[in-house]
Amino acid sequence: MTTPILQSYIAGRWVGGEAAQLLRSAVNGQPVASTHAEQLDFAEAVQHARKVGVPRLLELDFQQRAERLKAMAKLLGERKEELYAVSAHTGATRTDSWIDIEGGSGTLFAYAGVGANELPSGNLLHEGPAIALGKKGGFAGTHILVPRGGVAVHINAFNFPVWGLLEKFAPSFLAGVPCIAKPATATSYLTEKAVRLLVESGLLPEGSLQLVIGSTGDLLDRLDGADVVTFTGSADTAAKLRVQPNLVRHSIPFNAEADSLNMAVLAPDVTPDDEEFDLFVKEVAREMTVKAGQKCTAIRRAIVPAKYVDEVAKRLKARLAKVVVGDPALEDVRMGALASQDQRTDVAGRVQALMKKAELVFGERDGFAPRGEGVAEGAFFAPTLLLAKNPMADDAVHDIEAFGPVSTLMAYEDIDQALQLAAKGKGSLVGTLVTRDPATAARFVPAAAATHGRLLVLDREAAAESTGHGSPLPLLKHGGPGRAGGGEELGGLRAVKHYLQRAAVQGSPTMLSAVTGEHVRGAKVRESELHPFRRHFEDLQVGDSLLTHRRTVSEADIVAFGGLSGDYFYMHFDEIAAKESPFGQRIAHGYFVLSAAAGLFVWPSPGPVLANYGLDTLRFVKPVGIGDTIQARLTAKRKIDKRKKDAKGVGQGVVAWDVEVTNQHGELVASYDILTLVAKRG
């Protein structure tokens with residue numbers, strides 16, 4: 001049977017027909033695919049991204065690209081079994097593949113939600129509010145974020161061929177920045193399959209995603225200041241790439257997420273009789289065996305109270321002894337192989353280096369026998385638990401990472417020493433504290449946060465829903481300081497902003513409104529006899545405004561609102577106490593002012609405005625006293641076309657309205673944005 005030749009996808013075509021490096025199954029050593037020998041034209045790839053990819057992406061806006069991401073996620077979900085079949089060659093169990101494949105499509109879904117809920121309809125994100133820079137209101141400043149106009153180069157690790165591709169691609173695509181993805185060669189056959197599915201779907205705008213199988217050649221030398229490089233892999237490789245001459249010369253943003261010596265700490269308040277004790281053991285064992293320990297977030301250092309080291313070791317040994325290792329195709333197998341024989345050799349060498357000062361607690365000697373046909377040629381490695389004899393003095397256990405099913409137990413005397421041990425990793429992606437005591441968490445987490453990118457506090461309450469120590473989540477940042485690379489990925493909107501260029505803009509409020517597409521206070525407004533709430537979504541323009549009639553607040557208003565709401569706060573009802581307060585008088589409820597303003601600007605009859613579903617940026621600026629007269633100005637601030645239809649097929653959009661409530665002196669007393677769902681004409 002002929003071994004398939006993997007192909008790169010460059011400049012809109014698949015490249016590769018001559019075999020080069022043979023890639024073997026991690027399970028049985030049989031050939032799976034080979035890389036291609038053809039050299040790639042990276043000048044063409046970069047030009048294609050800039051000249052074709054950027055314009056095609058920017059023909060869509062944030063909302064439309066979010067819709068495409070959602071469609072891609074659905075596609076990969078429908079075709080996931082094809083990916084699972086290929087993933088088996090990487091040594092991954094079904095659970096391991098689920099993390100990679102469905103974790104990847106889940107990330108696409110998450111970023112589709114970020115786009116739909118947090119980004120506007122255009123390709124400019126206003127990062128307000130605007131700031132007055134002059135005394136008379138005629139000069140202001142704000143910040144905008146726009147697509148960089150360049151290309152993103154994504155260099156990924158071997159352990160998550162699908163998720164690694166998609167967790168970088170999703171925010172880049174949403175930001176309108178095309179990417180060139182370079183997966184690690186060892187498992188690139190799975191990445192290539194995922195990219196083929198996306199290309200064949202027709203959902204990718206031309207030039208938005210290119211794939212490099214094999215070497216990146218002179219790709220990094222082709223980049224300039226509009227481009228971005230993101231990297232996942234070893235700390236050593238990250239250090240070399242960070243100082244690549246062309247990246248330095250053009251100040252090209254470089255984001256690194258590197259392997260690190262992550263820790264889990266069993267707090268001193270937890271005893272062997274507590275549920276949390278077993279949660280700690282389970283978490284360490286799981287992080288050792290899921291993906292055969294090939295996770296940049298895996299627990300490498302298990303830090304426990306000295307008095308419980310033996311008990312933790314005993315329970316970990318018992319749990320690890322039950323882990324069935326072998327061909328993932330077998331139903332009872334719970335841990336598969338490392339990704340390649342090279343990886344197996346590397347892990348074995350690092351374990352030997354660690355054992356110069358650490359002792360073996362559990363490993364190959366304890367009945368390790370992978371199951372399945374042909375597994376003798378596979379890249380299997382025994383779950384290996386070590387014990388550091390003197391963790392405070394042994395630097396190796398804090399410096400050497402065996403990137404496999406390997407973890408080291410280390411003892412501490414008190415919580416301060418536990419924190420010292422945690423910090424000796426010199427920067428980690430993630431750490432876990434297992435505790436029952438909120439005071440311990442309050443003390444430990446702020447101190448550990450200085451050297452960790454993410455921290456999980458695990459107790460019995462969180463355990464029922466916890467996604468675990470080793471699971472980066474799309475809406476939380478992934479990355480860490482120091483050895484962990486000093487970068488940040490994911491984190492919801494944060495990752496999208498990484499691919500956008502921020503610029504400060506100064507000018508009159510009217511000019512800022514024109515640039516940002518949002519009403520800025522002080523800008524010229526358009527007043528009309530037709531109430532803005534009577535306009536359909538298409539007919540409304542940013543800046544359409546209504547200045548309402550006035551209303552004088554009476555004592556009866558305050559008494560009636562207090563009776564209705566049950567709010568009898570002394571400032572509203574106690575004449576003597578109110579006079580002695582800083583306000584010197586009884587004042588109206590803030591929420592009465594809010595309600596009265598709504599009464600001033602709401603159009604009561606049926607119309608295009610369908611619903612009010614929230615307020616943003618509410619501030620009560622000045623008190624409103626008995627006898628004060630209030631007036632409201634309602635201005636269309638921002639429009640977002642949701643491109644959704646109701647059950648009757650009528651389209652809808654969201655309009656944010658700026659509301660200013662003033663008193664008889666023209667002073668601002670309340671300020672907020674109101675969000676409404678508005679029907680389209682069609």
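This short talk goes through the cysteines, the aromatic pairs and the charges over rings in this structure.

What you see is a predicted model, in which local features need pLDDT of at least 70 and side-chain atom pairs count only at pLDDT 80 or more, while totals for chains, interfaces and linings use all residues. Residues are numbered from 1 along each chain as its sequence is written, and side-chain values use heavy atoms, with hydrogens and water left out.

Let me begin with the cysteines. Searching the whole structure for disulfides, meaning pairs of cysteine sulfur atoms within 2.5 Å, gives zero. Cys 179 is buried at 1% relative accessible area, and Cys 296 is buried at 7%, where buried means under 20%, exposed over 50% and partly exposed in between, with a 1.4 Å probe and protein chains only.

Turning to the rings, the whole structure holds 12 aromatic pairs; rings of Phe, Tyr and Trp (its six-membered ring) pair if their centres lie within 6.5 Å, and planes under 30 degrees apart count as stacked, over 60 as edge-to-face and the rest as tilted. One of them joins Phe 158 and Phe 403, with centres 5.8 Å apart and planes at 80°, so this pair is edge-to-face. Phe 158 is buried at 17% relative accessibility, as is Phe 403 at 7%. Tyr 591 and Phe 620 are also edge-to-face, at 5.4 Å and 85°, with Phe 620 partly exposed at 37%.

Lastly, a charge sits over a ring if NZ of Lys or CZ of Arg is within 6 Å of the ring centre and within 35 degrees of the ring normal; Arg 94 lies over the face of Tyr 84, 3.6 Å from the ring centre.
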